[in-house]
Amino acid sequence: MKNTFDLLEVLDYLDPAELCYQDWMFVGMGLKEAGYPVSAWDEWSRRDGARYHSGECEKKWESFKGNADPVTAGTIIQIARSRGWQTARSEYGASEQHGHEMGWDDWINLDTGGTMGVVDRNWLEPQEIAEPECWEPEKDLIQYLEILFNPNDFVGYVTRSFEKDGKHLPTKGCYDRTAGQMVEELKKCGGDLGAVLGDYDPGAGAWIRFNPLDGKGVKNENVTGFRYALIESDSMDLGEQNALIRELELPVAALVYSGGRSLHAIVRIDAASYEEYRTRVDYLYSVCEKNGMKVDKQNRNPSRLSRLPGATRNGHKQFLVETNIGKPSWAEWREWMESVSDDLPDPEGDLTTDLPPLAPPLIAGVLRQGHKMLLAGPSKAGKSFALIELAICIAEGLPWLGFQCAQGRVMYVNLELDRASCLHRFRDVREAMGSPGAHSVDIWNLRGRSIPMDMLAPKLIRRCMKKNYIAIIIDPIYKVITGDENSADQMAKFCNQFDKVCTELGCAVIYCHHHSKGSQGGKRSMDRASGSGVFARDPDALLDLIELPVSEELRRQAVGNAVGEACGAYLDKLEKSGEVGQDDLCSEKAALAACEAVLTPREYQDMLPAVEAARRAAQARTAWRIDGTLREFPRFPPVDLWFDFPVHRNDESGVLGDIDPESEAPAWQKKKPSGPPPKDRKKDRLEALDTAFDACDLEGSGEVSQKDLMEYTGKAKSTVQNWVDEHPGFTRENGIIRRVQRSKNDEK
């Protein structure tokens, strides 16, 4: 992604003296990846007079060769933002209060959501540790190796060190022996670790790597299993470190005293890849820091060294304090952490006074701020256009389909259109609406990069935090559905992701979904959306679009009105409107005749292209009706609309009000002697049973009573029974209808 920030301005904010070595390296890598010269890194590094060494930046710079997952400019921005830096201007040079298209890797804020605070340090009782008096160092190391490694895993360790700036630093060390080989030799060494590992400086101690290697090197790419991470903090009392590690129930495989100021907790991560390792370590470190432990961030890498149990360091023993404490696995610890830091509210009594205020309306009479809305309709019904219209109306505080909108910032998540089409569509809709430009709409184009909603939700929350969005529009949801859309329990879990977004961001979530197949006119509006009935029950507002058949007479009337308007506009332009009566502009033939009488032949010919364009637009115009099923407001009368590409317009004339979407049809269709083919009639019956069953199965139990189906469909007992018997997905017994699971072979 093209860098949209001046990284030198970002570095002006950062003090290199406050960064750890790892973050300092990340700054260099990010600068090189973004195309900056090494001099930029060197000049900035000079500000850390205590640690700066001439020539070190150039040497490190040459070692940055790049890889499949490089450190980018975004990492530098992340480091700066974590220390309070804020973006001054947006991608287009405008203040961030204006809208812009967002990239996949854009970061809006770095909060992970949730407090994850489970320990009150004011009540934390330190748990002191004492060095063992009777100590067999080789047993400590054997136990460590047997817990962390498989016998055939290659183990990296370091016994040789060198001194720099008063500190003992490790060399590259050894990595050519397996854990099994080392254990066998240690059992025979008689307590002499040097005979197995080589002699070490007792003033410096010794080190060991806690993840297995490939026997060829000690870098991250040589790690063969991302099993463990290191937690270390030099800024806390040892007893507090010990107590906090235990209170957090970290899944610690081995807890080692470093022989200095810290404990080394080797924490189970159990990651399947380096990418997953990084994500889990970030979460682990975030939990520790939010509970008062300032973790040494230099220890993030999976190839990092820890202190080797069994060695001595400056007169102190590096010993194994304990093994296998806390939760037994990462998965159990993560689940426990989420449960104890769920931030769920306490139960309340039945209040009669001092009631909390209701959330203000976002769409007057339809939806409150912070609530959820579903727009359903058939394919190619213009749902995306309607949602773009809604985004612009909210951004500018305009009425949408006759409903007044509150004004605020909007995020539009585009999952279906390519980037160019989406941006052009926004421009076309703005122009058709006469909008000066929606400056508070951000567009996140994710076509080709969409992921399941349970994975998208946390990314969406992270990117939208602190942006004060009043609404997030997701278009459409079939691109991010997780699970079977006909499964009530799976769709309930899917819809819970929208609740999470609403709760975390305090904004409304608006999304669209398609109709099921078959005729829709005879169904209630809440039963038309495809899939489980959860889609109808979950949102606070369900708006449903259904097409209205336009008769030939009504089409001719619409064309006549459009031609009359085009003629009238041209006459106004020439200041000749007073020469033609309004009645003459009510039909196509009369309007053209009147214009031909008052215009010169040249003027008349110049008018005809506009007339033809108006005629084509009127012929292409489609009619729609929108119904609402609302939780917070009374039901509104159906709203009739014309879709006059690219925008919907309310039918001010009322000519659509008398159209029945089920019975109205063109004359040639009404004269057909026969109905649908038997195959289509059976398909309609099967779909009708599916719809009725989902509507009646409010609990998602997979069974409803025959009586409920009869009441819902209005059909006789024998008819309902016949429907069930011919449907392969249902069985009936003793008045109970049950949904059955079918194999793929059965479906075929």
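In the predicted model, helix α7 (residues 179-187) lies across strands β2 and β5 and runs at about 80 degrees to β5. Both strands belong to an open sheet of four strands, ordered β5-β2-β6-β10 and paired in the antiparallel sense. The edges of this sheet are formed by β5 (174-178) and β10 (305-307), each of which pairs on one side only. When direction is ignored, neighbouring strands of the sheet are turned by 40 degrees against each other on average. Within the sheet, β2 (residues 154-158) and β6 (residues 207-209) run antiparallel and are joined by two bridges. Y157 stands opposite I208 of β6.

Another open sheet of four strands has the order β7-β9-β8-β13, again with antiparallel pairing. Its edge strands are β7 (226-231) and β13 (320-325), and each of these pairs on one side only. From one strand to the next, the twist averages 20 degrees. The antiparallel pairing of β7 with β9 (residues 263-271) extends over five bridges, and A229 has V267 in β9 as its bridge partner. Helix α9 (residues 238-247) packs on this sheet, where it touches β8 (252-257), β9 and β13. The direction of α9 makes about 175 degrees with that of β8.

In soluble globular proteins, nonpolar side chains tend to be buried together. The largest nonpolar core of the model has 67 residues, and those with the most contacts inside the core are Y144, L145, L148, I231, L284 and W333. Helix α10 (residues 274-290) contributes the largest share of this core, namely seven residues. With neighbours within four places in sequence left aside, L284 is in contact with A229, I231, L250, V267, I269, W330 and W333. A second, separate core comprises 48 residues, including M373, A395, F403 and L417.

Parallel pairing occurs between strand β19 (residues 409-414) and strand β20, which are linked over five bridges. In this pair, V413 stands opposite W444 of β20. Strand β20 (residues 441-445) is mostly covered, with five of its five residues buried. In a regular strand the side chains alternate between the two faces of the sheet. In β20, V441, I443 and N445 point one way, whereas D442 and W444 point the other way, and all are buried.

Two helix pairs were also examined. Helix α3 (residues 38-45) packs with helix α4 (residues 56-63) at an angle of about 140 degrees, their axes being 9 Å apart. The two helices α3 and α4 are therefore oblique to each other, and their crossing is right-handed. The contact is made by V38, W41, D42 and S45 on the α3 side and by C57, E58, K60 and W61 on the α4 side.

For helix α17 (residues 552-573) and helix α18 (residues 588-598), the axes come within 8 Å and cross at roughly 20 degrees. This angle makes α17 roughly parallel to α18. The crossing of α17 and α18 is left-handed. In this packing, V559, G560, V563, G564, C567 and L571 of α17 meet E588, A591, L592, C595 and V598 of α18.

Technical notes
Residues numbered from 1 in each chain as written. Predicted model: local features only at pLDDT ≥ 70, side-chain atom pairs only at ≥ 80, totals over all residues. Heavy atoms only, no water. Pairing = 2+ DSSP bridges. Axes fitted to C-alpha atoms, helices over the stretch in contact; angles between N-to-C directions. Contact = heavy atoms within 4.5 Å. Core = buried A, V, L, I, M, F, W, Y, C linked by side-chain atoms within 4.5 Å. Buried < 20%, exposed > 50% of the residue type's maximum accessible area, 1.4 Å probe, protein only. Parallel < 35°, antiparallel > 145°, perpendicular 65-115°, else oblique. Left-handed = near helix turned anticlockwise from the far one by under 90°.
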